[in-house]
Amino acid sequence: MKFDGTDLYAALIHELKNNLGLLAMTLESIPLQGESGHDGAVDASRLLCQGVVDRLHQALRVYKAADQQIHPAIDAYSPHDLVHAVRDRTIALCRGRLHVETQLDPDLPAIWFFDRDLIEMALINGIHNALAHAASTLRIEASMREGCLALIVRDDSAGYPAHILASMATDGPYPTTGTGLGLRFSRLIAQSHDNKGRSGELRLCNDPGAVFCLMLP
Ligand SMILES: Nc1ncnc2c1ncn2[C@@H]1O[C@H](COP(=O)(O)OP(=O)(O)OP(=O)(O)O)[C@@H](O)[C@H]1O
Ligand SMILES: [Mg+2]
């Protein structure tokens with residue numbers, strides 16, 4: 001999918017405006033310390049704030065390149081370390097609201113080649129979505145599939161709506177409840193990872209909850 005830089009900036013600014021508006025409203029509603037409802041509203045504010053920070057971080061990575069392309073800095077990293085780091089961030093983000101599990105394939109290689117920072121950002125997009133939609137459980141998995149490292153965020157939500165799955169298959173635009181930048185950024189990040197003539201992919205499916213899968217060649 002091709003992005004027009006101006007459209008992306010407009011979508012980004014629109015999203016940040018909405019999120020900061022929501023954050024201001026949530027902060028406004030925080031009861032005094034010690035009053036009931038205090039912790040929930042503080043947690044919601046933290047999550048909103050972290051979402052804005054994560055989005056700005058990845059937007060800067062994507063846009064700072066003059067040609068608006070993502071140039072990954074590929075190096076050797078441990079998939080085990082990556083999954084554990086993402087699990088720790090997820091636990092911090094969800095504050096006990098969801099049960100967070102990991103599943104590492106016994107055949108997982110000790111190292112794989114990718115841009116650690118970018119791939120963590122892509123996974124965090126899947127995590128933010130799971131936090132918004134999961135009923136009770138989120139699982140981060142790593143395994144080998146079709147010769148690629150498969151990094152998966154799986155949840156027990158009702159699954160992706162059909163139009164999202166269809167638009168992912170055709171690379172087309174999709175209507176969303178939010179700005180819909182999360183999946184697009186993740187797909188761009190996956191596609192920017194190529195190796196031996198093969199490009200990375202973002203694959204989405206329902207099983208029966210949402211399954212967000214980054215395939216890294
Ligand atoms: N884990 C999930 N379970 C169910 N539906 C999901 C899940 N993740 C995403 N979706 C659906 O896919 C849409 C697109 O997701 P995407 O992350 O691209 O955008 P967004 O979450 O709406 O906004 P943004 O990520 O830009 O803040 C969502 O609006 C939602 O309808
Ligand atoms: Mg999202």
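**Figure 1. Strands E5 and E9 of the predicted model pair in the antiparallel sense.** Six bridges join E5 and E9, and the two strands run antiparallel. Within this pairing, leucine 151 has leucine 214 of E9 as its bridge partner. Of the seven residues of E9, six are buried, so the strand is largely enclosed by the rest of the structure. The coordinates come from a predicted model.

**Figure 2. E8 and E9 form a hairpin.** Three residues lie between the two strands. Strand E8, residues 201-206, pairs with E9 over six bridges in the antiparallel sense. Leucine 204 stands opposite phenylalanine 212 of E9. Proline 208 is placed in the loop between E8 and E9. The peptide bond that joins aspartate 207 to proline 208 is cis, with omega about -15 degrees. Helix H6 lies across both E8 and E9 and runs at about 135 degrees to E8.

**Figure 3. Five strands make up an open sheet.** The strand order is E2-E4-E5-E9-E8, and the pairing is mixed. Strand E2 (99-104) and E8 stand at the edges; each has a single partner strand, so one side of each is left without a neighbour in the sheet. On average, neighbouring strands of this sheet are turned by 15 degrees against each other, direction ignored. For context, the protein as a whole has six helices and nine strands.

**Figure 4. Helix H4 is largely enclosed by the rest of the structure.** In the protein as a whole, 27% of the 217 residues count as buried.

**Figure 5. The largest nonpolar core holds 36 residues.** Ile119, Ala122, Leu123, Val153 and Leu214 touch the most other members of this core. Two or more residues each come from helix H3 (79-94), strand E3 (112-114), H4, strand E4 (137-145), strand E5 (148-155), helix H6 (181-191) and strand E9 (210-216). H4 gives the largest share, eight residues. Leaving aside neighbours within four places in sequence, leucine 123 is in contact with Val86, Leu151, Val153 and Leu214. Across the protein, 68% of the contacts between residues at least 6 apart in sequence join residues at least 24 apart.

**Figure 6. Glutamate 146 and lysine 196 have positive phi values.** Glutamate 146 is found in the loop between E4 and E5. Its phi is near 50 degrees, a positive value in a residue other than glycine. Glutamate 146 has 9 C-beta neighbours inside 10 Å and therefore counts as exposed; the cut-off for an exposed residue is 12 or fewer. Lysine 196 is placed in the loop between strand E6 (194-195) and strand E7 (198-199). Phi of lysine 196 is also positive, about 50 degrees, although this residue is not a glycine. Lysine 196 is exposed as well, with 6 other C-beta atoms within 10 Å.

Methods
Residues are numbered from 1 along each chain as its sequence is written. Chains are lettered from A and ligands numbered from 1 in the order in which they are written. This is a predicted model: local features need pLDDT of at least 70, side-chain atom pairs count only at pLDDT 80 or more; totals for chains, interfaces and linings use all residues. A residue is buried if 20 or more other C-beta atoms lie within 10 Å of its own, exposed if 12 or fewer, and partly exposed in between; C-beta atoms are placed from the backbone. Helices (H or I, at least four residues) and strands (E, at least two) are DSSP runs, numbered from the N terminus. A nonpolar core is a set of buried Ala, Val, Leu, Ile, Met, Phe, Trp, Tyr and Cys residues joined through C-beta atoms within 7 Å. Two residues are in contact if their C-beta atoms, placed from the backbone, lie within 7 Å. Two strands pair if DSSP finds at least two bridges between them. Axes are lines fitted to C-alpha atoms, for helices over the stretch in contact, and angles run from 0 to 180 degrees between N-to-C directions.
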